[in-house]
Amino acid sequence: MASSTSNPIMHRCTICFKTYKRREHLQRHRASHTSERPHRCVLCNASFQRTDVLKRHLQTCDGTPASTAGRRRACDRCVRQKKACSSSQPCENCARRGLECQYSNITPPSQSGQIKVESTTVAPPAEHNQIVQEFHPPGIVEHHDQFDPIRAHFGDDFDALIQEAVSEFPLFTGHDTEMHGLSHDWLDSHFSDPVPLDDASRPDRSCSSLSDYHGYSFNFLYDFTSRTGLVSSFECGTFSQRLQVLSSFHYPYQTHQIELTDSDFQSFGTVDGISILHDDLHVHHDIPTRLEWEEDPAAAKLDEIVSLVKEVVTVKPNNSTVTHTWSPALEDQCRRFFSPPRFARFIELYWAIWHPNVNIIHRPTFDIMSSKAILLAAMALIGACVSPDPADNEDAKMWFNCVEEMVFCDDDFCSDTEPNSPLDGRSPAPNVLASKPKLQALQAAYCVCLYQNWEGNDASKRRIRRRRFSTVVSVARDMGIPIARHPDYSQQTINEFVWEEFVAREEIIRTFLWIFLLDAAFVIFNNTPHRIVIREMGTHVASPEACFQAGTAEECLEEIHRWMPPSSPYGDVLLREVIESVCIDHLDPSIQQKLSQLGPLNLFVVVSVLHYIIFQHQNLFGVESQLLPIRNGLRNWIAIWEMYFDTWAASPPHGMVQEDELTPENMWKRVGFVRYTPEYWLLGSLLTDRIASNTSGAQEENDLKGGLDQLSSNASGATLATSITRNPILDKYDQTSMRQVNDLIAGFQRVQME
C-alpha cells in the first residue's frame, strides 16, 4: 500500500465514498445524489442539475416544451457514452452496431393517476444475425471467429459490457473520478480455487468495484492470452469484412478472374452468430498461365522469391529448420503459392486486414518493384494467414520456415555496419535513404517474428523468442536508434520538402517502436527479460496518421504543418523524455492535454514501458515506496488517455476513417488493436496492486522475523540482517504459453462477477 504522505488530500463523498482531489468536483458530484434540478431552460422549461449541462442544452434547444413524464430522449447506452441519440427504437448507434437498445422509461400517468417506471428493450434487427454483404466496421460483434463459453457464463449484463468495449474505444463515464485507494481484498485470493465470500465479508456492491479501474475489463486481453493465430489474437475485422476484401479484389493481369460467386457466398453460414467458412469455397489456385506471369510487372520479383526458396531448400544452412527436399512437384507448389494473382491478393489482404495492427510500412509510396524480395515474401505470408480462405492459411504454413531462413540469411540483414549516430545529441543523421535496403530487411525479419510467434508451432515460437528476435534487436541497434528522428519541417516549403526522406525516417521510427513493443509483449505475456532498455529509446515519437497516410507530398507537408508545429509534442521531443514526464508525481493538466495529442500508438508505447518497470520491480528485492514511479505513471497515463479519447480518437489526425464509412478500399486506414490499450493499463494496475499486497505481507513477516532475530542476537552477540523477500506474481519465466497471464486475468474477471 502506498503511504498516505505520497497522496494528495482527497475529498470523500459521505454517501457513496467516492473520492476527489478537488472540493468543487465533490460538490458537483453531490448533486447526483439528489433529485433537485435547479437550473431551468427558459425556452423549453427543461430542468438540469448542473449549469454546464444546461449550457450544452441551450445550444441545441428548439424551444419545444419538455415533457415531465415522457420517455428520456436518449437510450441508456448513448447516455453512458455521452453520444447524440436519434431516440428511435432502436436508435441509429445501437442499430449500426447490432446491439440491444434500451430506454429507462417513465410512462405518462395512467387513468388512475399513477406513474409507472419501466424499461423498454429493442432487439437488434433479425437480419443482423445473417450473412450480409454490406460492409460493417471491425471489432464490433464478431471480434473473434469463435464462441467463447466464458461470456456465456458471465451472463447477459457482462456480454453487453463486452459488446460495448469491443465496438469502439473504451468508455469513460466518470471523468471526475481520480485514482484513489484500491481495495486489495481480492489480491490475496488464489485464482485457481476462489473462495466464496460470506455475507459479512462480501464487498458492498452499491458502488461497483469496476469504478476502481475506471470501468475497464479484459475483453480483448482475455482472448489475446487464451488463443493463438493472427486473426484470433489481433484486430483483423470480422469474417464478413475479410470476405468483402477478398471478393472486391480485382487482379488486372488475370486471364480468368478470381471471383466469389453467389454460390460461394451461400456456402457461408453462422454458428452462434459467428460466420463459418465451409470447405467448398471455390477460388482459383491453379498454376497461372505464361501470359499471367509475363504481363505482370511483379513476375520478376516472384521469380526471385522462388529462386531464394529453392536456395534455402537445396543448400540448407547449419541447424536449418527447413525440412523440404526440392523437386519439380515442390517447385510447382511454390510457384502456385507465389503466383502473380495469389501474391497480389495476399498483399491486398496484408494492407486491408493486417496493416492497421502493425503499421510500419508506408502504403502510399510502397512499390513492389523497388522492394526487397524477402519483404514481399513475408508480407504475402501474413496476408495468406489473415485470408478467409482456409486453403490460403494452410498453404502459407508450408513456407514459414523457408522464408524465415531467407530473411535471416539475407546479405543486407546480416551485414556488419557501424551504428549511425548524429553529429550532436539531437540532430537527425544524414542520408537515411541509404538505409532503405537494411530497413526493409529488418521489416521482413519483424514480419517473420510475427507470423511465427502467432501462427507457428511451439518450436517456432521458442526459436523466435529466444534467438531470432535478439538478432532483430541487434540489427536495429546497428542501424542506429538515434537516426529515428525528424528534422524541423515547420519552415520548409514544398520545394524544400523531400517526401521520400520523411517516409524513410517515419518508417525507421515506427519499425523501432514496434520492435520495442514486441519486446514488451514477450515481457508481459511470456515473462521473458527484456532486450531493450528505456534509456536507449532516443527516437522521436511516431507522427500522426494524417501525415503518415497522406497520399502526396503536398498533402503530407500540409498535414505536417497542421499537426506537427514546434510547439506540439511531435516537436524535438524524444520518446524517453515523454516516458520520464509521465512518471513524475504531479503532471500539470496542460502537459497531460498536450501529451494526449500523441495518439494511440505512442500512448501504447508509454504504457508498455510501465510494464518494463513492473517486471523489474517484481523480480527485485524492494519496498512499497519503490512502486511510486509506477503508480505515478499509471495515474497520469489513464488521465492522458481519457483526454485523447474525448478529443482525438474519432477525428484526424488519428481517427482517419469513421466506423460507418469503412470499405475494403479504406480499411487500411482504421485503428488496429491499439484501441484496446487501456486494458494494458488495467493489467499494469492489477500487477502493481498484487506486488504492493505481496510486499506488505512480506514486510509484516520480516518484522516478526526481525524481532525473533533481535532476541537471538542479544543472546549470541551477532546481528542478522533482514530483507523483504516475496515471490513474483508470475513465477515461471520465458514461457511459450501465456497461461500465467490468462489465469491472472480470469481471476480478476471472476472477482468482478461476485
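Start by selecting Arg 631: at 18% relative accessibility it counts as buried, where buried means under 20% relative accessible area, exposed over 50% and partly exposed in between (1.4 Å probe, protein chains only). Before you go further, note that this is a predicted model, in which local features need pLDDT of at least 70, side-chain atom pairs count only at pLDDT 80 or more, and totals for chains, interfaces and linings use all residues. Residues are numbered from 1 along each chain as its sequence is written, and side-chain values use heavy atoms, with hydrogens and water left out.

**Stop 1**

Helices here are DSSP runs (H or I, at least four residues), as strands are (E, at least two), numbered from the N terminus. Asp 689 is buried too, at 2% relative accessibility.

**Stop 2: a proline pair**

Between α27 (628-647) and α28 (677-716) runs a loop, and Pro 653 is in it. Zoom in on the peptide bond from Pro 652 to Pro 653: this bond is cis, with omega near 15 degrees.

**Stop 3: further salt bridges**

The count of salt bridges comes to 25. Select Asp 734 and Arg 465 next, whose side chains form one at 2.6 Å, N to O. The two are 269 residues apart and link distant parts of the chain, with Asp 734 in the loop between α28 and α29 (739-753) and Arg 465 in helix α20 (residues 458-479). Asp 734 is partly exposed at 22%, while Arg 465 is buried at 1%.

Then go to Asp 303 and Arg 335, where the closest N and O atoms of the salt bridge are 2.9 Å apart. Asp 303 is in helix α12 and Arg 335 in helix α13, so parts 32 residues apart in sequence are tied together. Both ends count as partly exposed: Asp 303 at 31% and Arg 335 at 25%.

For a network of salt bridges, pick Arg 342, Arg 345, Asp 392 and Asp 395.

**Stop 4: two asparagines**

Which one is buried and which exposed? Asn 319 has phi near 60 degrees, a positive value in a residue other than glycine. You'll find Asn 319 in the loop between α12 (299-314) and α13 (328-337), exposed at 69% relative accessibility. Asn 527 also has a positive phi, about 55 degrees, without being a glycine. Its loop runs between α21 and α22 (545-548), and Asn 527 is buried at 1%.

**Stop 5: the nonpolar cores**

A nonpolar core is a set of buried Ala, Val, Leu, Ile, Met, Phe, Trp, Tyr and Cys residues joined through side-chain atoms within 4.5 Å. The largest has 170 residues, and Val 403, Trp 514, Ile 515 and Leu 683 have the most contacts inside it. Helix α21 (residues 499-526) gives the most to this core, 19 residues.

Center on Val 403 and look for contacts (heavy atoms within 4.5 Å). Setting aside neighbours within four places in sequence, Val 403 touches Phe 338, Ala 377, Ala 378, Leu 381, Val 448 and Tyr 451.

Definitions and conventions. A salt bridge is a side-chain nitrogen of Lys or Arg within 4 Å of a carboxyl oxygen of Asp or Glu.
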